[in-house]
Amino acid sequence: MESELKSVDFLQDIPVKELICSALEARKKAYAPYSGYMVGAAVLTNELRIYTGCNIENASYTPTICAERTAIAKAVSEGWRKLKAIAVVGSEQGDMVSQYAFPCGVCRQVIREFAGEQFIVIVAKSESDYKIYRLCELLPESFGPENLKSERKL
Ligand code: THU
């Protein structure tokens, strides 16, 4: 495993391999007839539930939704708003995942909305080949719900 983290204490209750395995399964469902790029994601809620998603493209292109946001929409729409981690796998069509697929900027911001302080992003090629980051490394100095707290009614 290649890790970018200095301390792994907070990884203790994160089922890294199960998340990657779930993301790999979800990737098989990707609807990507235009780009041919298939992505799967699996999010872990604070309650340790896993929700998965794939990218879903559209003939009109812009309505395309990324795998990460599909998974997050599923979790949040089922009532789970506090997320701990996400695993992402992406690669061109085919069974092999040949590259690390990092979440796009829009997905990073959407993850940020529901992420706990030590949110973990796992970018994987397989269950044994992955990199781990904190969200704050991938989206430093971010804007989030706290900035609008006085305005917000949850
Ligand atoms: N895609 C994702 O699913 N997640 C990302 O973070 C980046 C890109 C998808 C969107 C589109 O269907 C395909 O990958 C090519 O951009």
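**View 1. The ligand sits in the second largest pocket.** Here "sits in" says that more than half of the molecule's atoms lie within 2 Å of the pocket's grid points. This is a predicted model, in which local features need pLDDT of at least 70 and side-chain atom pairs count only at pLDDT 80 or more, while totals for chains, interfaces and linings use all residues. Residues are numbered from 1 along each chain as its sequence is written, and side-chain values use heavy atoms, with hydrogens and water left out.

**View 2. The shell around the ligand includes Ser35, Asn55, Thr64 and Phe102.** A residue belongs here if one of its heavy atoms lies within 4 Å of the molecule. Tyr37, Val39, Cys66 and Pro103 are also among these residues, and by class the shell has seven nonpolar, three polar and two charged residues, where Ala, Val, Leu, Ile, Met, Phe, Trp, Tyr, Cys and Pro count as nonpolar, Asp, Glu, Lys and Arg as charged, and the others, Gly among them, as polar.

**View 3. Glu57, through its side chain, has an N or O atom 2.5 Å from an oxygen atom of the ligand.** A polar backbone atom of Ala67 is 2.9 Å from a ligand oxygen, and a backbone N or O atom of Cys104 likewise lies 2.9 Å from an oxygen atom of the ligand. The ligand taken alone exposes 370 Å², of which the protein buries 77%; these accessible areas come from the Shrake-Rupley method with a 1.4 Å probe, and for residues only the protein chains shown count as cover.

Methods. Polar contact = N/O pair within 3.5 Å; in protein donor to acceptor, adjacent residues only side chain to side chain. 1 Å grid on protein atoms, 1.4 Å probe; cavity = no way out; pocket = protein on both sides within 12 Å on 5 of 7 lines; lining within 4 Å.
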